[in-house]
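Subject: A structure for you to explore

Hi there,

Here is the structure I promised to pass on. Have a look around it first, and then read my notes below.

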Amino acid sequence: MWSLIITCFVVIAVIDVLVKGVKKAAKPTRRNTAKRKARPQRTATTKSSDHQALKKAFTPNAHTNTPAPAPHRKEVAIHWTTAFLRALEWKRYEEICMEYLRIKNCMAEVTCIGADGGIDMRIKNPEGKVFAVAQCKAWSRPIGVNLIRELYGVMAAEKVKHGIFLTTSEYTPAALAFAKGKNLLLIDSDELIALINGLDNTNKKRLGDIATQGDYTTPTCVRCDTKMVRRTAKTGKNAGNEFWGCVNFPKCRMIMTIKQQ
């Protein structure tokens with residue numbers, strides 16, 4: 001009798017333990033059911049690379065941050081041509097190239113007057129770091145490979161990745177071949193004219209005003225930074241030919257040939 005009662009109590013105890021174990025296993029824990037607080041996703045801030053900035057600057061009709069003129073204001077801008085571009089003296093051409101880059105949000109600065117060491121401008125990014133160098137040549141003859149090699153050498157010496165060459169002329173096949181595959185932009189007269197004419201009237205007028213201010217055809221002495229004067233050779237093999245001479249002659253003997261029209 002007692003053994004039967006004890007057996008019943010044991011069976012009931014075992015069943016109670018098993019039921020509690022099942023309930024405990026089935027009960028969801030806070031760790032499993034608690035909703036995790038959603039983490040805010042980080043929005044990646046992408047900065048335009050230096051390469052993208054230059055690509056944008058020399059892409060026709062690229063957007064600029066210059067505000068549009070007021071509706072009632074009418075901007076009258078000249079239409080740029082090859083003849084007009086080539087009529088600019090070398091310093092004015094350099095100023096136009098620099099201002100164009102500034103319009104395109106590239107902070108270009110002229111290096112100095114005189115021997116430029118192979119470059120005319122340094123171009124900085126918004127952080128103030130020089131990331132490109134530029135050379136401007138207001139020439140009538142094609143630009144050869146030697147000048148492009150020289151610019152590429154300056155890039156290496158100054159540890160900058162990009163180089164720009166701008167000219168009122170064109171480039172020889174050897175120059176174009178050398179620049180291929182390198183971070184070199186070769187802009188000839190036709191390309192620059194197309195880029196300028198592709199600007200809005202406000203910025204096109206802005207460049208036109210700079211180009212035509214004062215005497216923009218008489219060349220500037222690269223040593224003295226003064227306008228040169230027209231002279232005629234009296235002796236030697238060039239007797240009778242005209243040339244540009246510095247007003248500070250004989251202290252400065254810098255001369256320039258007169259472009260043939």
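Which helices do the buried residues of H9 pack against? They pack against H4, H5 and H8, where packing rests on contact, meaning heavy atoms within 4.5 Å. Buried means under 20% relative accessible area, with exposed over 50% and partly exposed in between (1.4 Å probe, protein chains only). In H9, the buried residues are Thr202, Asn203, Lys204, Leu207, Gly208 and Ala211. The helix has 12 residues and reaches 16 Å from its first C-alpha to its last, close to the 16 Å expected at 1.5 Å a residue; the expected span is 1.5 Å times one less than the number of residues.

Before you go further, please note that this is a predicted model: local features need pLDDT of at least 70, side-chain atom pairs count only at pLDDT 80 or more, and totals for chains, interfaces and linings use all residues. Residues are numbered from 1 along each chain as its sequence is written, and side-chain values use heavy atoms, with hydrogens and water left out.

Now the overall picture. The chain holds nine helices and eight strands; these are DSSP runs numbered from the N terminus (helices: H or I, at least four residues; strands: E, at least two). Of its 261 residues, 34% count as buried.

Next, the cores. A nonpolar core is a set of buried Ala, Val, Leu, Ile, Met, Phe, Trp, Tyr and Cys residues joined through side-chain atoms within 4.5 Å. The largest one has 34 residues, and Phe58, Trp80, Tyr93, Ile123 and Leu166 touch the most other members. Among the elements that each supply at least two residues are helix H3 (50-57), strand S2 (121-124) and helix H9 (201-212). H5 gives the most, with eight residues. A second, separate core has 17 residues, including Ile143, Leu151, Ala175 and Ala179.

Three strands form an open sheet in the order S6-S7-S8, with antiparallel pairing; two strands pair if DSSP finds at least two bridges between them. Strands S6 (229-232) and S8 (255-257) are the edges, each pairing on one side only. S7 (residues 242-245) and S8 pair over three bridges, and Gly245 has Ile255 in S8 as its bridge partner.

Enjoy exploring!

Best wishes
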